[in-house]
Amino acid sequence: MKKVIALLMVLSMGAALLAGCGGTSDGATSQESQSENGETVEIEFWHYMSEDKEGKYVNEAVEEFNNSQDEVHVTAQYLPRDELMKQYTIGVVSGELPDVGMVDNPDHNSYVSMGVFEDITEYYNSWDEANFLEGSLSSCIYEDKIYGVPWGNNCLGLFYNKELLDAAGVEVPTTWSELEAACEKLTTDSVKGLAISAIGNEEGTFQYIPWLLSAGGSLDSLDSDASKESLTYLKGLLDKGYLSQECINWTQADAEKQFASGQAAMMINGPWQFSGIEEDAPDLEYGVAKVPKADDGVYASVLGGENVGICTGANADAAWKFLSWITGEEKSQEMCESIGRFSSRADVDSETVYADDEKNLVFAEILKNAQSRGPSPQWPEISKAVYTAMQEVFTGQKDVDTAMSNAQEKVDALE
Amino acid sequence: MPGKGKGMNRVIGYIFIVPAVIYMLVLIGYPIIYNWIISFQDVTTTTLGSAVRDFIGFDNYKAVFSDSTFKKSIINTFIYTVGCLIIQFSIGFLMAIFFSKKFRFSQPIRGFIVISWMLPVTVTALVFKFMFAEGNGIVNAILTNLNIIKEPIGWLLKGNTAMLVLIIANSWVGIPFNMLLITNGLNNISNDIYESASIDGANTIQKFFRITVPLLKTTILSVLVLGFVLTFKVFDLVYVMTGGGPVDATEVLSTYSYKTSFQLFQFGQGAAAANILFVCLFIVALIYLRTISKDEVM
């Protein structure tokens, strides 16, 4: 009798195992649920706006959309950025992709070439609200076809602690020499002049680009004198102790913590940190300015932000309905403002919108000249060459010349 | 009647192992075979989704072997593994002997020590990362207060010290494991042998090297090989604490494979790197099995 029971248990375990293996068609079913006779179509929206910050507003917007009509019902799913990117990669092979997906703008091209996103050129061209900033839209374009719509943008600027600057009698620096002089006065035993993120991933590259561009360098010519000048300057700040050595392990969020806690008098960061600073240091009096330019260079910044696209195998019509709504004239500005980003729409004049908001106004101005990264499906490898060079120089492993030539070699090898 | 019973028993036996076999085949066998296949194919962003991919022979392996980061990661993995093994094994052994003396509270204290083995590795990684931070890390604070060092050390900012911190952290995790296994082995040596040795006039050192060590041979071998395999494929500790940095100073085979596949989207090369890791461990496992079976035959 015992044996029979045990046997039955084993057989049911085996059956359960096999049943589990068979159920992988979740993502594909959305394709079959065409709207017939006014039935609501269910679609999924994957994003990485964290629940405790921007995610709240995304959920509110989704609810608003769902309540405003009953043809399409959106379920929003939050995943941390790294995890979401991995899910896209897995989804390519397993077929489980959402209907609408969010992606960081420099990565968009890579995922398009993997087959994650669908060509929506037709939808876009027949859309009368299709009016976006060129720089933002360029990251959605791959081989002359459009694979997404810009969700929102941001850029980098200089945050400065008003109290610390006043106490040291320092004016807000606008050039590299002024920045160095300011750091000298601001750096003490417990305070560093500047905090940046030089971590070994995309964030590091993102943070480095404004400096690179300001000196007249570029990603195609990393071994040019101008490019090297930018890295030499930053290394100089590091050696003199104005930048903490630990910046090579800091994310931009870590840099914000340093600034908010008063351990750094200034930092390079973006408008999405406003809510973070509010929470960490609500009494901190700070201002924002453009990233100081090279003495003989121009003001420069880098374009960040996300794009949203329709994924392969999705219910395209329904997905487009949601997509065009949330990036449309009506909703885009509202959405972006709530999550600390700037609308990528060309018909939104951020300067007018933020005329009364001092801090956002500065970023609106910077945004005009912020350069986008790529677009290229090989951006991850280009990015790696850049942040590796930066890390090698910061840790003293290689000198600027060697590091930059190596980086240039790697980029060249990518054809 | 007996014959029928035996046949039936065998069939029932096979049925009992069916779930486990299915599990192994699907979740372990299939991925390993798939990994071998894609390591010989050109799998990047453009070909990931396609059903047909070009066979490019050993190109992925050649690319991987000519990558300086890969060579560094192999060296790092070995340094890390050997370093961890030496520390974990010696201290684990000492602690096993120490706690075998059965003094008061030896059981609860031993239980307490095992906590480090049970903590999620991610937690351990983060805690050690904060402890060894240059600015506000507690380690630097203690060392400077005791005047052992004058200036705070950037533990995770330089390659050598970062590797050291990783080894220390992993040793903290692994010592209880070693200790428990060796304790088990020690318990299997009956006290009679020690007693008769004492009667024959053996001192502690002779007892240790002539009795304890030889009788523990299989245990020691298992501990070392198991430790090697588990340590060699480290991922979470390195990924969370240093991410392979600074630059590639603490890059190990597993993080290299992961980054190549999921950050650079070079899936074929990542698969090749993972297979090399597999081969290294396979060889170690083979050596272990050979050594064990030789003993058994004896």
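This is a predicted model: local features need pLDDT of at least 70, side-chain atom pairs count only at pLDDT 80 or more; totals for chains, interfaces and linings use all residues.
In the contact between the chains, 32 residues come from chain A and 26 residues from chain B. On the side of chain A that touches chain B, at least two residues each are supplied by α1 (2–22), α4 (81–94), α5 (108–114) and α18 (379–394) of chain A, and the helix that gives the most is α1(A), with nine residues. When the residues on this side of chain A are sorted by class, 13 are nonpolar, 13 are polar and six are charged.

Within chain A, four strands form an open sheet of mixed pairing, in which the order is β8-β9-β7-β10. Because β8 (192–195) and β10 (286–289) of chain A stand at the edges and have a single partner strand each, one side of each of these strands is left without a neighbour in the sheet. On average, and with direction ignored, neighbouring strands of this sheet are turned by 20 degrees against each other. Helix α17 (residues 358–368) of chain A packs on the sheet, where it touches β7 (157–161) and β10 of chain A, and the direction of this helix makes about 15 degrees with that of β10(A). In general, the strands of a sheet pair through backbone hydrogen bonds, and the pairing is either parallel or antiparallel.

When neighbours within four places in sequence are left aside, the residues in contact with A:M267 include A:F159, A:L194, A:A195 and A:I196, and among the others are A:A255, A:E256, A:Q258 and A:F259. In soluble globular proteins, nonpolar side chains tend to be buried together.

A further parallel pairing in chain A joins β1(A) and strand β2 (residues 72–78), over seven bridges, with A:V41 standing opposite A:V72 in β2(A). Strand β1 (residues 41–47) of chain A is mostly covered, in that six of its seven residues are buried.

Methods
Residues are numbered from 1 along each chain as its sequence is written. Chains are lettered from A and ligands numbered from 1 in the order in which they are written. Two residues are in contact if their C-beta atoms, placed from the backbone, lie within 7 Å. Ala, Val, Leu, Ile, Met, Phe, Trp, Tyr, Cys and Pro count as nonpolar, Asp, Glu, Lys and Arg as charged, and the others, Gly among them, as polar. Two strands pair if DSSP finds at least two bridges between them. Axes are lines fitted to C-alpha atoms, for helices over the stretch in contact, and angles run from 0 to 180 degrees between N-to-C directions. A residue is buried if 20 or more other C-beta atoms lie within 10 Å of its own, exposed if 12 or fewer, and partly exposed in between; C-beta atoms are placed from the backbone.
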